[in-house]
Amino acid sequence: MARIAFEALGHRYAGATLPALKPMDMVWEHAGAYALLGPSGCGKTTLLNIVSGLLRPSEGRVLFDGADVTALPTERRNVAQVFQFPVVYDTMTVRENLAFPLRNRGVPAAAARTRVERVAALLGLTARLDRRARNLGADEKQKISLGRGLVRDDVAAILFDEPLTVIDPHLKWELRSRLKELHRQVPTTMIYVTHDQTEALTFADRVVVMLDGEVVQIGTPEALFEHPAHRFVGHFIGSPGMNFLPCAISGREAVLPGGQRVALPRAYGPLAGTVELGIRPEFATMVAEGGLAARLRRVEDLGRRRIARLELDGVPVAATLPEGMPVPAEPRLAFDPARLHVYADGRLARGE
Ligand code: ATP
């Protein structure tokens, strides 16, 4: 397994006006489980293809354990890949499909059998081992593809490109936790591309959030939730995402929509002009007394919690309606000041 480093890496497709990846420096540590997360078109697949060797970057270098692999083709990089759609040999049995990557590398039969059976057990394919792949459904074929990616233990990295797209939703949960379990048992550098935050947060130790060809934050799921470095991360991670309140700064205070003032969190240095205060719905609460007067648009009952959709002088805010609290006739909104973040031009302002 490898430590993967990018040096001034960037990519522009031939004829494109905008770069698909803006120049970046980044390191993915040895044996880390990384997710590349971001909306369609942000550059996730481009970055993954550069790691696998399917695409040669137009700028910069890629290093595996310090060795420059930028010009090496896929077959010389020792990476395993799992794609969105199944890649299986229909005429082979499940066992033969799983053993294929091992046979190719001359792994002795007994060792290969043990590994195939371990991966089959992990993916719930044991009872299918001697069935021909063509007789299986799309879910099971995709499990075979996953197994083929996971069966070798000598790869530099395993690259997953939206591997659970064709998998039935209830099975997705199970497979994600099995992948995570496998990573714990056999630590390997794993890179997992997805546009689904739940998938990224449950799989990865570190999530690489991308937007418009840029990495806007790399962090643990907890860090992305607690300290989004960019308003996009606050908005994209969480359900519902972070609220952003445009504010004018006056000394050490921010003037909220509606004119109320709140002290800036102490972590922030002096600021000027306009900023946005970011607060997650989990830390914005409806209260019976005090707080700020707001307008209630509706309440969403999510089963375990209720979300109040409010407006503060026309600015939409999602807040938590505490358990047992009746929907108030005159809604009031309170923030946990310790959970406020300040964003200037979309980025976390200085001081945090
Ligand atoms: P998705 O989730 O839809 O796969 P993505 O985050 O993987 O999106 P990329 O496929 O890497 O994004 O695309 C990044 C940018 O590069 C997009 O603007 C896309 O239109 C552009 N792009 C991708 N492939 C090519 C190509 N072969 N030629 C020209 N432009 C491309």
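This dialogue walks through several features of a predicted model.

User: What should I know before reading residue numbers and local features?

Analyst: Residues are numbered from 1 along each chain as its sequence is written. The model is predicted, so local features need pLDDT of at least 70 and side-chain atom pairs count only at pLDDT 80 or more, while totals for chains, interfaces and linings use all residues.

User: What does UniProt list for residues 4–237?

Analyst: The unreviewed UniProt entry lists "domain: ABC transporter" there. Such annotations may be inferred rather than shown by experiment. Over residues 4–237 the chain is 35% helix and 24% strand. Helices (H or I, at least four residues) and strands (E, at least two) are DSSP runs, numbered from the N terminus.

User: Which residues are around the ligand?

Analyst: A residue counts as near if its C-beta atom, placed from the backbone, lies within 6 Å of the molecule. Here the residues are Y13, A16, A20, G38, S40, G41, C42, G43, K44, T45, T46 and H195. They divide into four nonpolar, seven polar and one charged. Ala, Val, Leu, Ile, Met, Phe, Trp, Tyr, Cys and Pro count as nonpolar, Asp, Glu, Lys and Arg as charged, and the others, Gly among them, as polar.

User: How do I read the packing of α2 and α4?

Analyst: Axes are lines fitted to C-alpha atoms, for helices over the stretch in contact, and angles run from 0 to 180 degrees between N-to-C directions. Helix α2 (residues 94–103) and helix α4 (residues 138–150) pack at about 30°, with axes 7 Å apart. The two are therefore roughly parallel; that label covers angles under 35 degrees, with over 145 roughly antiparallel, 65 to 115 roughly perpendicular and the rest oblique. V94, N97, L98, F100 and P101 of α2 make the contact with I144, G147 and R148 of α4. Contact means C-beta atoms, placed from the backbone, within 7 Å.

User: At what angle do α2 and α3 cross?

Analyst: The axes of α2 and helix α3 (residues 109–122) cross at roughly 130° and come within 9 Å. These helices are therefore oblique to each other. On the α2 side are R95, L98, A99, L102 and R103; they meet A112, R115, V116, V119 and A120 in α3. This contact divides into seven nonpolar, no polar and three charged residues.

User: Where are the cis peptide bond and the positive phi?

Analyst: Most residues other than glycine have a negative phi, and most peptide bonds are trans. The bond from S239 to P240 is cis, with omega near -5°. P240 sits in the loop between α8 (231–236) and β11 (243–250). N78 has phi near 60°. Its loop runs between β5 (67–68) and β6 (79–82).

Notes. Two residues are in contact if their C-beta atoms, placed from the backbone, lie within 7 Å.
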